[in-house]
Amino acid sequence: AFRRMAALIAPHAPETLVVHTPLSIEPAPLPSMPDPVPVQLLSTLAVHRLTYRYPTGDRGVSDISFELRAATTAWAMRPATPPCCVRCRC
């Protein structure tokens, strides 16, 4: 790792990577932050007639629909060799 770092800083001497320098750690004022925006949590995710094809061919999914409610888990599997599955947690 040290050799890689030395190569990155060339033509400077590798010793510059570990030169001791004074470090001042003093409290700094915190930046101003906007007030938090209230959010509405997603209670349901609904997908209707979803189709996706990989750019390399006609493989993908076609015309699938599903609905996931909050705090549920769903698995999508397809018969294949090797099998493929996707876990979706809402």
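## Architecture

Along the sequence, the secondary structure elements of this predicted model follow the pattern α-β-β-β-β. The protein accordingly comprises 1 helix and 4 strands. Among the strands are β1, which spans residues 44-53, and β2, which covers residues 60-69.

Contacts between residues at least 6 apart in sequence include a 10% share that joins residues at least 24 apart.

## Confidence

The mean pLDDT of the protein is 81, and 83% of the residues reach 70 or more. Where pLDDT is low, the predicted coordinates should not be read in detail.

## Surface and burial

The protein has 90 residues, of which 3% count as buried.

## Surroundings of R49

R49 lies in strand β1. Its relative accessibility is 64%, so R49 counts as exposed, the cut-off being over 50%. When residues up to four places away in sequence are left aside, R49 touches D63, I64 and S65.

The separation between R49 and V61 is 12 residues in sequence, and their C-alpha atoms are 9.9 Å apart in space.

## Salt bridges

Side chains of opposite charge can pair when their charged atoms come close. How many salt bridges does the model contain? The count comes to 2.

One of them joins the side chains of R49 and D63, with an N to O distance of 3.0 Å. This pair links distant parts of the chain, since R49 belongs to strand β1 and D63 to strand β2, 14 residues apart. The two partners fall into separate accessibility classes: R49 is exposed, at a relative accessible area of 64%, while D63 is partly exposed, at 42%.

A salt bridge is also formed by R69 and E67, whose closest N and O atoms are 3.4 Å apart. Here R69 counts as exposed because its relative accessibility of 52% is over the 50% cut-off. E67, with a relative accessible area of 45%, is partly exposed.

Key. Residues are numbered from 1 along each chain as its sequence is written. This is a predicted model: local features need pLDDT of at least 70, side-chain atom pairs count only at pLDDT 80 or more; totals for chains, interfaces and linings use all residues. Side-chain values use heavy atoms; hydrogens and water are left out. Helices (H or I, at least four residues) and strands (E, at least two) are DSSP runs, numbered from the N terminus. Buried means under 20% relative accessible area, exposed over 50%, partly exposed in between (1.4 Å probe, protein chains only). Contact means heavy atoms within 4.5 Å. pLDDT is the predictor's confidence in each residue, from 0 to 100. A salt bridge is a side-chain nitrogen of Lys or Arg within 4 Å of a carboxyl oxygen of Asp or Glu.
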